[in-house]
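Here is a friendly briefing to read with the model open in your viewer. It begins with a helix pair, then turns to the ligand and the backbone.

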Amino acid sequence: MCGKNGMDEFRYIDRTSTNAEKYVLREKLFHTREVQPLWVADMDIATPVCVINAVQKRLEHPILGYEIMSDSAYEAQIDWMRHHHGFEMKREWLSYSPSVVASIGCAIRAFSEEGDEVIVMDPVYPLFYSMVKENNRELIIHPLKQDDSGIYRFDLERLGAQITSKTKLLLFCSPHNPIGRVWSRSELLALGELCLEHGIRIISDEIHSDIVYAPNKHIPLASLSSAFLENTVTLMGPGKTFNMAGFSISTVCIASQTLREMFEAECKRVHWGDGALLSHVAFEAAYREGDGWYQKLLGHLSDHAQRIAEALFATPIRYTKPEATYLAWLDCREMELGDRELREFFVHKAGLGLSPGLSFGKEGSGFMRLNFAVASEQLDEALEKLCGALDGL
Ligand SMILES: Cc1ncc(COP(=O)(O)O)c(C=O)c1O
């Protein structure tokens, strides 16, 4: 277990002297540096001490030549997945990937041909759309709609009708960014069955699987049945959980030998490699020793999710605490601003740099996404600015 200094670990860390995307790209995205950046999905929270220590220890050895990712690093993730998600993975199913998005691209090329169709649910992490388009596949966009209780759902009947003989893949986000849904067992079962029925393989991006708030429970899609296991490529990694996306390390889990060979062949074409040695040790330390820090992190983030609800309660912004992720999906439609005006309101009136809902697809129109994985003082300041700006509307 790592980290002994309690909430100090979640103190504000000034990143302005680093190349943090969130800060460096402010000018380009918001045309001003005078915004509090609450966009890209990483945390302004120190990476756990056990990870930093492991990297420092490795640097005591003066040779930094080629290394492979060790079995014990994979075993650390296998243990984590068994313990936290009840998913029993085998070592041979797993391989290294420099990035979940890179794995998505590789899987699209491995399991479909140019011109084939790939299902993507809208709204979703923007790179889902671009990976399909950049690889010359056709997008089938399935809109996620809120039910009467405001819960986002996919519509299996409609999805079934969208499928054609050219539909080869479903690009699935579980838990879902940006809406923060944790898909239930019955939803996963129904979706997985539909895909099996139509011979559609599933790429399940589960990068957000650890940031889940009780009583919700993430269920790895592949863990639900042996047929699902054979039909699913699961993408996961420590980047979100331990705030170590800068290490460029994730894994791909493919139980089917046939699919694994197809994926590996595609990896060979781009000389994918086995990653950087410092990432290997960081990965292993995080999964092996990071649980104590992680449990405290969940409490900290859950408290933040609640603070937002309290601050926005009497405003025109509708917000429901997410079931997963540190991303608040703010429904600003009652403000009755166009998408461009909404963005300008947040930047120029509130001084906040958020992700515009429209960047996640058409269904995101009228929404903004706020990253609340910051220090509490930072969040309070942001909410104060937002409420002040709303008062002035
Ligand atoms: C759903 C989802 N997939 C993938 C990524 C990025 O993963 P990676 O940095 O490993 O490419 C993100 C980052 O926000 C994400 O939200």
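The axes of helix H4 (residues 71-85) and helix H12 (residues 291-312) come within 13 Å and cross at roughly 40 degrees. Axes here are lines fitted to C-alpha atoms, for helices over the stretch in contact, with angles from 0 to 180 degrees between N-to-C directions. This is a predicted model, where local features need pLDDT of at least 70, side-chain atom pairs count only at pLDDT 80 or more, and totals for chains, interfaces and linings use all residues. Residues are numbered from 1 along each chain as its sequence is written, and side-chain values use heavy atoms, leaving out hydrogens and water.

**Helix pair**
- Helices are DSSP runs of H or I with at least four residues, and strands are E runs of at least two, numbered from the N terminus.

**Ligand site**
- Residues around the ligand (a heavy atom within 4 Å) include Tyr125, Cys173, Asp205 and His208.
- A side-chain N or O atom of Ser99 is 2.8 Å from a ligand oxygen, and Lys240 has a side-chain N or O atom 2.8 Å from an oxygen of the ligand; a polar contact is a pair of N or O atoms within 3.5 Å.
- A polar side-chain atom of Asn177 also lies 2.8 Å from a ligand oxygen.

**Backbone**
- Ser174 and Pro175 are joined by a cis peptide bond, with omega about -5 degrees.
- The Asn177 to Pro178 peptide bond is cis, with omega near 20 degrees.
- Pro175 lies in the loop between strand S7 (167-173) and helix H8 (185-197), and Pro178 is found in the loop between S7 and H8.

How values were computed
Polar contact = N/O pair within 3.5 Å; in protein donor to acceptor, adjacent residues only side chain to side chain.
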